[in-house]
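Here are my notes on the model you sent.

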Amino acid sequence: QVQLVESGGGLVQAGGSLRLSCAASGRTFSRFVMGWFRQAPGKEREFVAAIRWSGGSTYYADSVKGRFVISRDNAKNTVYLQMNSLKPEDTAVYYCAAGLKGPTNEYDYWGQGTQVTVSS
């Protein structure tokens, strides 16, 4: 059974940083794309970033490019999202996802989400 467990969310002031983690288990993810999405209150879920487990190619939404960095640790089966220069508009529940297609949609597995709140 695939499990994706996010952690690292919290409350931070504008301009600050947070690092989200997504621990993946239950199968071999070497052929998967791992993604981060977010959903703010009253808004649709949106793509944030993705990384191909094999090869490490990365993809970013324009809104986070240059501020967020996605990475993976193969030994720990964990994907990270380093978020810098955070803005109040980054406030959302952040979800980790895994899929064979990606990078901006078509994911098969989802985590439970972690709340990120950025105060002004």
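**Notes on the model**

1. F47 is buried, at a relative accessible area of 14%; buried means under 20% relative accessible area, exposed over 50%, and partly exposed in between, with a 1.4 Å probe and protein chains only. F37 also counts as buried, at 5% relative accessibility.

2. On the basis of the work: this is a predicted model, in which local features need pLDDT of at least 70 and side-chain atom pairs count only at pLDDT 80 or more, while totals for chains, interfaces and linings use all residues. Residues are numbered from 1 along each chain as its sequence is written, and side-chain values use heavy atoms, with hydrogens and water left out.

3. The protein has 0 helices and 11 strands, so the pattern along the sequence is β-β-β-β-β-β-β-β-β-β-β. Helices (H or I, at least four residues) and strands (E, at least two) are DSSP runs, numbered from the N terminus.

4. The C-alpha trace spans about 40 × 25 × 25 Å along the principal axes.

5. Of the 120 residues, 43% count as buried. The protein exposes about 6,200 Å², of which carbon and sulfur atoms supply 44% (Shrake-Rupley method with a 1.4 Å probe; for residues, only the protein chains shown count as cover). Among contacts with a separation of 6 or more, 55% are between residues 24 or more positions apart; contact means heavy atoms within 4.5 Å.

6. The aromatic side chains deserve a look. The whole structure holds 7 aromatic pairs. In one of them, the ring centres of F37 and F47 are 5.7 Å apart and the planes stand at 75 degrees, so the pair is edge-to-face. F37 is in strand β4 (residues 33-39) and F47 in strand β5 (residues 46-52), so the pair ties together parts 10 residues apart in sequence. Rings of Phe, Tyr and Trp (its six-membered ring) pair if their centres lie within 6.5 Å; planes under 30 degrees apart count as stacked, over 60 as edge-to-face and the rest as tilted. Elsewhere, ring pairs link F29, F32, W53 and Y109 into a cluster.

7. S21 is in strand β3 (residues 18-25) and is buried, at 16% relative accessible area. Leaving out residues up to four places away in sequence, S21 touches V5, E6, S7, W36, T78, V79 and Y80.

8. D73 belongs to strand β7 (residues 68-73) and is partly exposed at 22%. Beyond its neighbours within four places in sequence, D73 is in contact with W53, T78 and Y80. D73 and A23 are 50 residues apart in sequence, with a C-alpha to C-alpha distance of 9.7 Å.

9. E106, found in the loop between β9 and β10, has a positive phi of about 60 degrees although it is not a glycine; E106 is partly exposed at 48%. N77, in the loop between β7 and β8 (78-83), is not a glycine either and has a positive phi of about 55 degrees. At 23% relative accessibility, N77 counts as partly exposed.
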